[in-house]
Amino acid sequence: MPFQKGEAVEPGRVEPPFQWETHIPHTVALMLNATEEDLVLKSCQSLYKFAHEAEVNQQLLLQYDILRLLLDHLGHSNRSVRRMAAMTLCQLAGNATVQTSFLADGGAGGLTRLIERLVADDDPVVDEFVSGALFRVASQPVGQAALLVGEAVPALTARLTSSDPDVLKNCLDTLLAVLQDFQAVPVFVDSSGIERSLALVRVEPPVLVDLALEALRKAMYTEQGRRRLREIGGLEDLLTLLEEDTQEAHAARIVAVLEHATLDPKSVRSMHRNGGLLLMVQTARNSSDPQVLAQCGEVLGHLGSDRPCALSMRELGAEAVIVGSLLSSTQPAAQRGGARALAAFALLPEAQEEMVNRGAVPILLNMIGVPETIGPAAAALAAITRGHENACRQAAEGLAKIVDRLSGDCDETAAHAATALANMAGQESVRPMVATSRACDRLLACLGSGSAPLLVAVCEALGVISMSLRARHALVEHHSVNLILNLLKSDYPAVRSAAVEALQMQSADPAAAEQLCADPDAIAALRRLRATSALKVILQVNISALYSQFGRLTAYHRLTDGFFDVGRGEDGDVLPDLITELERPPCPGRFVFLLNSGVCPARVDAAGDDTAAKAAQQSSPRRSPRRTDRGARGTSPVSERPPARPVPPEDPRLAAYVSYVRQTVAPLDCEVQQAAELAQFVADRMGGTVSRDQLPTWSAERQLSELRRQRASNVLPVGEVSRGGLRCRALLFKFLADQINVPCTLTRGSFGKYWNSVFVTDRSRGAPAGAYAEKVVDLIHQPGTLMTVGTGDAVSYTTGF
């Protein structure tokens, strides 16, 4: 019989202890509401055991509002109750349904209370299981995001000062999960996470060191973290730690932190000052751990990108380490690190030479065929072959391997392979090998990629390979021009610029230039992009259009029959076409001057692709681009023949001028006499001398207008002009000078100014033998006078000022 309150206790009487057992979970859950601490404690113990047995038990307990009751008991006055409540919550937190409940309403319920308890409680047992519960919640991305929003990062970071290893482990595990979100890194840094993680790199057990180093590595993802590590002397601490023999097991993680830290240029310089550079070289030389070697290669790559560091690396013999220890390793991880170090270090010409001499290229060629090392090897080949003939020759031994990388799945690798091919084609001794390989076909196939770096690299490679005549012809046959033209519409300026350069190089082939000239959209696109250099190369096959667009022909541009001048071309105009001009009705103020003597055809060299010949053929009135051949003459029905087109007149007077200068001017002794005599001849045929005072009132337009009316065309043969101004005189002088091989230019200036310059032997005092002087020729005021370029008379003649 139990003892009653107020009843006297008999001496020696022992009451039986209170026993409470039940197998009904609902009853146990209800006991959490009891006021007796013993009942609450026993209830928590029973619930913990029940939840630990099976997941189905956890699902059952959720029906009884168990989470709210346990969260309430986290603040219980009894320490044992608090601990058991935390242990039970930690056990339940592994359940997906429980995690969903914790995250309900953005974590404003259970998750927030767990974080608050972690901040408020200093009981290591409670901290251990609360942090363990948070770690289980962080197993899902949504949980990580909720912890970040709920300010769990500062709470977890604050607990890194705990002396309990289990608390430290749970907090670090949870932090690493949350730090997968880059937005958590600044919060971690601001919460003194770097300082507290550094304090744990020498604690026991070793697993805590690994976790702390991993947290530091993640903190290096942001510039803020890298700066903070440098400011608190963390680089020096890590380097000191790396030197300790007891930390050899953690060397890979230490170097991994340094790898990310040296993304900051200031950290690179700090490593240079504090001896880190030497330590990295020594570590790479002495270590046999593939992971350490790989990370050392990454660090050396970052250091090698800084020129002062690269020079110091040379003094330390880094080339031998990169080639001998890293690239020559049998472990792919070490080889990848070595390739990345080489790619950066090869920017220094002396280091590049040394690594080539040590046999780096054959090793890289072997690596480029191994899936694990393809990417870094391609990048290293692109770097080591830059401007180095010997490296390019060695790389040519594995040309097929490099070309194969153009068709891989990785655009970055393909871009590096294209750069390597461009470097190789840049060497005259290697270019034929590249031009005759499958490189052109593979590069053209890459032009359909959406990767801007790959397109830039491919265009650069095609441009350099186009320096080979054979490759140029092959590319034209494969319609490379059309493929590259599509890139002019790219959204990326670098792609458009590279495409323009590739077109410029390929336009050295007359067929490609003619194809571009025949495409108004292509010319319009190049004008829009202000691709002046490319347009000048393309228009070499059509010097009439070249002169219209740019207003200047050099001594290398030889005028032949078929050249015509339509005047200044506007950016929006299509390229001038003589047939179109002949079909156009006469209009006031428009004069098109034609040079077509019938005795000065374009000359074709032995190869049959002379630029002047192509230009004359394209602009020839006898060859319309709109006509198509339909067989031999007379074999097609009349109905199938194209309509008759206007035929420009031949100019017998111009032919007579040519005959005269060939017989009279060409035999003269020197260029000065030839230029002076020719200038006088032109002036006599174009209305004679006109003084500077007469020039404002002297005009040739009336006579030109009458000639246009008589011919019913805007196209006027220059030989029929008897009163010509500066424009007609300059055209005629250039045409005749070219027929007697007097080096002559033709320039259209502003304010109606046209002039010619000739190149004569420089006989001034002190002039070197064989030197030439450029002289402006006066064709109207004092015909035959030669004025040195830059003098007052020359400036006055060419500008009017």
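The chat below goes through the sheets, the salt bridges and the aromatic rings.

Me: What kind of model is this, and how are residues numbered?
Reply: This is a predicted model, in which local features need pLDDT of at least 70 and side-chain atom pairs count only at pLDDT 80 or more, while totals for chains, interfaces and linings use all residues. Residues are numbered from 1 along each chain as its sequence is written, and side-chain values use heavy atoms, with hydrogens and water left out.

Me: Let us start with the sheet of five strands. What is the strand order?
Reply: The order is β1-β5-β6-β7-β8, in an open sheet with antiparallel pairing. Helices (H or I, at least four residues) and strands (E, at least two) are DSSP runs, numbered from the N terminus. Two strands pair if DSSP finds at least two bridges between them.

Me: Which strands stand at the edges?
Reply: They are β1 (552-553) and β8 (786-788). Each has a single partner strand, so one side of each is left without a neighbour in the sheet.

Me: And how many bridges join β6 to β7?
Reply: Six bridges join β6 (residues 754-761) to β7 (residues 772-777), and these strands run antiparallel. Asn756 stands opposite Val777 in β7. Between β7 and β8, also antiparallel, there are three bridges, and Val776 stands opposite Met787 in β8.

Me: Which helix packs on that sheet and touches β1?
Reply: Helix α39 (residues 543-550) does, and it also touches β5 (744-748) and β6. Its direction makes about 50 degrees with that of β5. Contact means heavy atoms within 4.5 Å. Axes are lines fitted to C-alpha atoms, for helices over the stretch in contact, and angles run from 0 to 180 degrees between N-to-C directions. Helix α43 (residues 671-685) lies across β6, β7 and β8, at about 155 degrees to β6.

Me: What about the sheet of three strands?
Reply: That open sheet has the order β2-β3-β4, with mixed pairing. Its edges are β2 (563-565) and β4 (715-717), each with a single partner strand, so one side of each has no neighbour in the sheet. From one strand to the next, the twist averages 30 degrees.

Me: How do β2 and β3 pair?
Reply: They pair in the antiparallel sense over three bridges, with β3 covering residues 592-595. Asp565 stands opposite Phe593 in β3. Helix α44 packs on this sheet, touching β3 and β4, and its direction makes about 105 degrees with that of β4.

Me: New topic. How many salt bridges are there in the whole structure?
Reply: The search finds 22. A salt bridge is a side-chain nitrogen of Lys or Arg within 4 Å of a carboxyl oxygen of Asp or Glu. One of them joins Arg253 and Glu214, at 3.1 Å from N to O.

Me: Where do Arg253 and Glu214 lie?
Reply: Arg253 lies in helix α17 (residues 251-261) and Glu214 in helix α14 (residues 206-219), so the pair ties together parts that are 39 residues apart in sequence. Arg253 is partly exposed at 35% relative accessibility, whereas Glu214 is buried at 15%. Here buried means under 20% relative accessible area, exposed over 50%, and partly exposed in between (1.4 Å probe, protein chains only).

Me: How far apart are Arg709 and Glu706?
Reply: They are three residues apart in helix α44 (residues 701-711), about one helical turn. Arg709 is exposed at 57% relative accessibility, and Glu706 is partly exposed at 33%.

Me: Finally, how many aromatic pairs are there?
Reply: The count comes to five. Rings of Phe, Tyr and Trp (its six-membered ring) pair if their centres lie within 6.5 Å; planes under 30 degrees apart count as stacked, over 60 as edge-to-face and the rest as tilted. The rings of Phe591 and Phe593 have centres 6.5 Å apart and planes at 25 degrees, so this pair is stacked. Phe591 and Phe593 are buried. Tyr657, Tyr660 and Phe681 form one aromatic cluster.
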